[in-house]
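Open the model in your viewer and keep the selection tool at hand.

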Amino acid sequence: MLKKKIANIPFGPYITVLAGATVNGKPNYATIGAYGVVSQKPVLYISLKNSHCTTKGVLENGFFSVNIPSAKSVEKTDYCGTVSGNKVDKSEVFESFYDEAGHAPMIKECPVSYLCKVIQTIPIFDFTMFLGEIVAVYANEDCLENRRPNALKVNPIILMDTGYFDLKDKVGSIFKVCKGN
Ligand SMILES: Cc1cc2nc3c(=O)[nH]c(=O)nc-3n(C[C@H](O)[C@H](O)[C@H](O)COP(=O)(O)O)c2cc1C
């Protein structure tokens with residue numbers, strides 16, 4: 001296959017998630033692609049632009065949520081990534097719920113939500129990376145198989161370049177695909 005060198009841009013793919021925080025007593029959500037795991041410990045990172053409304057809330061409360069929307073919520077997800085809570089009240093876009101383990105709102109219509117306590121902040125350019133220990137995980141019952149979320153049922157939104165995509169098929173099982181090789 002002929003390789004073509006293309007622009008030095010992070011095209012993805014990324015899973016599109018909604019980062020949540022309480023701002024001025026209300027839930028606020030920002031769409032992000034910059035989220036992931038950092039180690040085998042239950043710690044997630046999110047990276048938020050310093051000027052975002054959500055960033056203010058995470059700094060104030062020391063907690064954030066990561067909510068995994070399914071493809072059917074793509075319009076609301078894009079909306080939360082297009083308008084800022086600094087200008088528009090986004091608290092009613094999704095219905096929120098809470099857990100006593102930490103002060104950050106989670107989204108009812110997202111099949112999976114992680115509640116995280118900030119354990120480290122890393123300034124990077126005009127962004128802040130928040131590393132958060134997972135203190136609670138919620139999943140919709142109809143997305144579970146053996147008490148674990150099933151990706152095809154969750155059907156997350158995958159972001160690549162300028163498009164949103166969903167999942168089609170399972171293509172293997174971890175630690176099993178290459179067994180015996
Ligand atoms: C698909 C998508 C991915 C985005 N990824 C990020 C991201 O990783 N980090 C970030 O700071 N902003 C990201 N944004 C931009 C914010 O979501 C957007 O500026 C939002 O309005 C911020 O909301 P807030 O000011 O209410 O927090 C993304 C937007 C979209 C649409």
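Select strand β3 and the ligand together: β3 gives four residues to the shell around the ligand, the largest share. Helices (H or I, at least four residues) and strands (E, at least two) are DSSP runs, numbered from the N terminus. The model is predicted: local features need pLDDT of at least 70 and side-chain atom pairs count only at pLDDT 80 or more, while totals for chains, interfaces and linings use all residues. Residues are numbered from 1 along each chain as its sequence is written, and side-chain values use heavy atoms, with hydrogens and water left out.

**The ligand shell**

Now select the residues around the ligand; there are 23, and Thr31, Lys49, Thr54, Ser84 and Gly85 come nearest. The shell divides into 10 nonpolar, 10 polar and three charged residues. In this division Ala, Val, Leu, Ile, Met, Phe, Trp, Tyr, Cys and Pro count as nonpolar, Asp, Glu, Lys and Arg as charged, and the others, Gly among them, as polar.

Which polar backbone atom lies 2.8 Å from an oxygen atom of the ligand? Select Lys49: the atom belongs to its backbone. At Gly85, a backbone N or O atom lies 2.6 Å from an oxygen atom of the ligand. At Ser47, a polar backbone atom is 3.0 Å from a nitrogen atom of the ligand. A polar contact is a pair of N or O atoms within 3.5 Å; within protein, one must be able to donate a hydrogen and the other to accept it, and residues adjacent in sequence count only if both atoms are side-chain atoms.

The ligand taken alone exposes 650 Å², and the protein buries 83% of that. Accessible areas come from the Shrake-Rupley method with a 1.4 Å probe; for residues, only the protein chains shown count as cover. Colour the elements that give two or more residues to the shell: β3 (26-32), β5 (43-49), α1 (53-61) and α2 (74-80).

Return to strand β3 and select Thr31. Is Thr31 buried or exposed? Thr31 is buried, because its relative accessible area is 19% and buried means under 20%, exposed over 50%, and partly exposed in between (1.4 Å probe, protein chains only). The side chain of Thr31 reaches the backbone oxygen of Thr77 at 2.4 Å and the backbone nitrogen of Gly81 at 3.0 Å.

Next select Gly20, in strand β2 (residues 17-23). Gly20 is buried, at a relative accessible area of 0%.

**Salt bridges**

The whole structure holds four salt bridges, each defined by a side-chain nitrogen of Lys or Arg within 4 Å of a carboxyl oxygen of Asp or Glu. Select Asp89 and Lys26, whose side chains meet at 2.8 Å, N to O. Asp89 lies in the loop between α2 and β7 (96-99) and Lys26 in strand β3, so this pair ties together parts 63 residues apart in sequence. Asp89 is partly exposed at 46%, and Lys26 is partly exposed at 41%.

Move to Lys76 and Glu109, another salt bridge, at 3.0 Å, N to O. Lys76 is in helix α2 and Glu109 in the loop between β8 (102-107) and β9, so parts 33 residues apart in sequence are tied together.

Then select Lys108 and Glu95, a salt bridge at 3.0 Å, N to O. Lys108 is in the loop between β8 and β9 and Glu95 in the loop between α2 and β7, 13 residues apart.

**Backbone geometry**

Most residues other than glycine have a negative phi, and most peptide bonds are trans. Select Gly12 and Pro13: the peptide bond joining them is cis, with omega about 10°. Pro13 is in the segment before β1 (14-15).

Select Asn146, in the loop between β11 (144-145) and β12 (148-149). Asn146 is not a glycine, yet has a positive phi of about 55°. Asn146 is exposed, at 74% relative accessibility.

Phe125 also has a positive phi, near 55°. Phe125 sits in the loop between β9 (112-124) and β10 and is exposed, at 78%.

Phe127 lies in strand β10 (residues 127-139) and is partly exposed, at 31%.

Conventions:
Near = heavy atom within 4 Å.
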